[in-house]
Amino acid sequence: MHRVLLLAVMVLLPGGCGVPAEPGAAAPAPESRTLAPVAAVDDARIRATDAEPQNWMSHGRSYDEQRFSPLDAINRGNVAGLGLDWHFDFPTDRGMEATPLVVEGRMYVTGAWSHVYAFDAKTGALLWHHDPKVPPEWAVHLCCDVVNRGVALWQGRVYAGTLDGRLIALDAATGALVWSQQTTPTDKPYSITGAPRIVKGLVIIGNGGSEMGVRGYVSAYDAATGGMKWRFFTVPGDPAQPAESPALETAKATWSGGEWWKTGGGGTVWDSMAYDPALDLLYVGVGNGSPWNQQIRSPGGGDNLYLSSILALRPETGEYVWHYQTTPGDAWDYTATQHMILADLVIGGQTRKVIMQAPKNGFFYVLDRATGEFISGEAYAQQTWTTGIDKATGKAQVVETARYHDKEALVLPSPYGAHNWQPMSFSPRTGLVYIPVQEIPFVFKHDPAYRHHQGLWNVGVQIEAAGLPEDPAVAAQVLKMVQGRLVAWDPVAQKEVWRVELHAPFNGGTLSTAGDLVFAGSARGEFAAYDAANGTALWSAPVQTGVIAPPISYAVDGKQYVAVVAGWGGALPLAGGEVARLAGSVNRSRLLVYSLGGKDTLPAAVQTTRQPEPPALQADAATVAAGKTLYAQYCMACHGDGAVGGGVVPDLRYMSAQTHTEFEAIVLGGLRHERGMVGFASVMGQTVLDAEGARKIHAYVIQRAEAEKTRLASAAQAAAAGSAEGPR
Ligand code: CA
C-alpha cells in the first residue's frame, strides 16, 4: 500500500515536470543579522583549505577532492544529538545533485534547471536566487534529468554551467550576471550538469551529451573576462582532417572504420576533475562512447582513445601529459567521469602520490598521479564484462561475448554503473574510501536497424531488450539481483572493509569528517551518519525524498553544521521503472542543514491515493507491441521502463482523463513544452513521430495502466482477505 500511496503523491504533485515558480513560500523565517562581506576565494586559499576548516570553498572541498572535513565538533560520541537546524524547500521537483559551497557564512548551491541560490549559512535566509532561464525544451537533450552539481567560487564571483551549455559568472554578493559564455554549439545536443573547477584563474568546464551524439571536450575560460583560453577534444574528429592536438593524432589509430565523427563519438567530460598544484596537473574524467555500441561506432574495434579514460593535462594550456584508459573499446556506457580523489598512500613501504577512481565499470583504481602508471585495480562490485586487469600492462581484459556482437548479453555493471557520479570520500584518519555501490543487471542487444536521431537518444542498442521482463515471476528474480550499499574500501589492500546494505540502488554521495563519521543519504529517504571505522549506524533522519547528492560540513561562528541537498532524480529514477521503484521515493527538492541540538522540523508529507483510470483499450496486441518498442525508444529514458514512473516525472499509467484526451497534442504538438515535454513530431529539424506512432504509444500506455489497475485490485483483494482472517 505504501508504494501505491507514493505513486499517487507523485501524480498529484503540482507542476509535475518541474519548471520552477518563484521560490520562497516554504522558506523558514530567518533571523536578521549582518553578514561578513563577500571575500575573494583564490588559488592560494583553496590550496591552503585546511587552514579554513569552517569553509568548503571548492567542489571536493580541496583540489585533491577528498571530501574530508577537518571539523570534529560533531563526532562519534555526540552525533546522536544531531537535529535539523534549518531547511529550504526549492520550487522544483526534479533531481538535486549539487555540492553546496560555503565561505564566510554564505552558502551557494544549485538546483534543478541550473538555478543558483545563495543563503545565509547560519540562518537559512535566502540572499539571492538567479534563474538562467534555460529553455524547458532543452530537457529532451538531457540523458539524466535537469540536474546541476554545483558552482565554483573565485574573486567574489560565483560560476555555474547551464543545461543549454552556457558558463555564467555571477556577483557573489548580489547574484547579478557578470558575464555569460556559450561553451557549446547550440545546434548540437550538448548540456552542462557538472560543476566548474577554477585553477590559476581559469574556469575549467566540460559538458555532456554522449547518449545523444556529441564530441567530448573540456575547455578553460578566463575567470575575469570569460574569454576562452584552450579546448581539449577527447576523441578524434574526421580522420581525413589534421587532428587538433598531437594526443589526438595518436588516438586516431585506436579507432577503426565507421563514421563516428559525423555524430560525435562521445567522450564527454561531464563531471569529475581534480588538481595537484605541486605537479601542476589537472585531471579530468572522460565519458563513454557514442553510440554505446562499438560495432556501430568503430566497427573495426580498437581501444577508442580517450573514451573511458582519466586524462592529465596542463591547466594553463590544456596540453596532454598522460592518460589511463579504464575500459578499452567501451561498449557499455562505462564512463570514467566518476569522482577522482588524490592522496598520498604508503604502498609497499613507499609513499606514493596516487589518484583513485571507482568508475562505472566496477574496478577500483589506484594510479600514480605523476605518471599515470597503474599501481593496482580490483573489483569492488560484480563484473561480467572482464576477467580482470593484466597487472603487467594495467589493461582490463574484456570478455568478447560481453560485446554483444551476435547475441545479446546480460552484463554487470549496467550503464547506471557499479558507482555513478555520486561522489565518494576519503578519510586520511581511517585510510578508507567510502563509496555508494550498486549492482543492476542489464541486457545489451545490438540494434541492426539503428539510425541516428538528431538530438535524441542514440546508443545503438535495443533498449527494449534491457527492460524488465513483463512476466512477474521473472521480473521478481531480476529485481532480487538489484542491490545498493555503502562500502568502505581499503585502497592499499584493495579490499572491502565494511558495508551497509541500503536495499535500493542510486544512493547519495558521501562525506568523511575528522569526527570519524561518514555521512550519506539514501534512495529510500534517510540521511544518516556511520562510524567511519566499522560502519555502525549512529544517527539517521527521515527526509521524505531520495537523497543522491553528497553532504558537506562547515562552521559559522564556531558552530559545526552538516548540509545536504535532497531530491530524488537523475538517471535511474527517470529510466529505471520498477528498479527505481525499489526506493519508493518521490522528489521533494530541499536543502537540509543539521547541527547538534537543531530544532527545526519538516512539514508533514502530503499523501493522497489515486487509481489508474485509463480509457478502454481499443488497439490490438500487435499495435500495443509496436507501441512498446516506440515507447522504449522515445519515452523510457524519462518516463521509466515499462511505463512505471520512478517518482520524478509523471507516471503515465496514472494519467488523468484530460491527459488521455490531449495525448497526441502533448506527444506530437508539445502542449506541455513549458514543463520540459517537447513535441516529438520533429526534434532539431528531424521528423520523429507521426500520429500513428503516437497512437501506438498511447495504446501501450493504456495497456500498462490496465495492468496496474488489475494488479492493485488483486492486491487490495488479497489484503482484505488477509484482514478477514483476523489478528494472528
Ligand atoms: Ca553515458
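Here are some questions and answers about strands, salt bridges and accessibility in this predicted model.

This is a predicted model, where local features need pLDDT of at least 70, side-chain atom pairs count only at pLDDT 80 or more, and totals for chains, interfaces and linings use all residues. Residues are numbered from 1 along each chain as its sequence is written, and side-chain values use heavy atoms, with hydrogens and water left out.

Q: What makes β29 and β30 a pair of strands?
A: Strands are DSSP runs of E with at least two residues, and helices are DSSP runs of H or I with at least four, both numbered from the N terminus. Two strands pair if DSSP finds at least two bridges between them. Strand β29 (residues 483–490) and strand β30 (residues 495–501) are joined by 6 bridges and run antiparallel, so they meet that rule. Across the pair, R485 of this structure stands opposite E501 in β30.

Q: What lies between the two strands of the hairpin formed by β29 and β30?
A: There are 4 residues between them, and Q494 in the turn has a positive phi of about 55°.

Q: Why is the contact between K252 and E249 called a salt bridge?
A: The term asks for a side-chain nitrogen of Lys or Arg within 4 Å of a carboxyl oxygen of Asp or Glu. For K252 and E249 the N to O distance is 3.4 Å, so the contact qualifies. The two residues are 3 apart in helix α3 (residues 246–252), and are therefore separated by about one helical turn.

Q: What makes K628 and E470 a salt bridge?
A: Their closest N and O atoms are 3.4 Å apart, so they fall inside the limit. The pair links distant parts of the chain, 158 residues apart: K628 is in helix α10 (residues 621–634), and E470 is in the loop between α6 (463–466) and α7 (472–481).

Q: Why is K628 called partly exposed?
A: Its relative accessibility is 28%, so that is the class it gets.

Q: How many salt bridges does the structure hold?
A: It holds 42.

Terms used. Buried means under 20% relative accessible area, exposed over 50%, partly exposed in between (1.4 Å probe, protein chains only).
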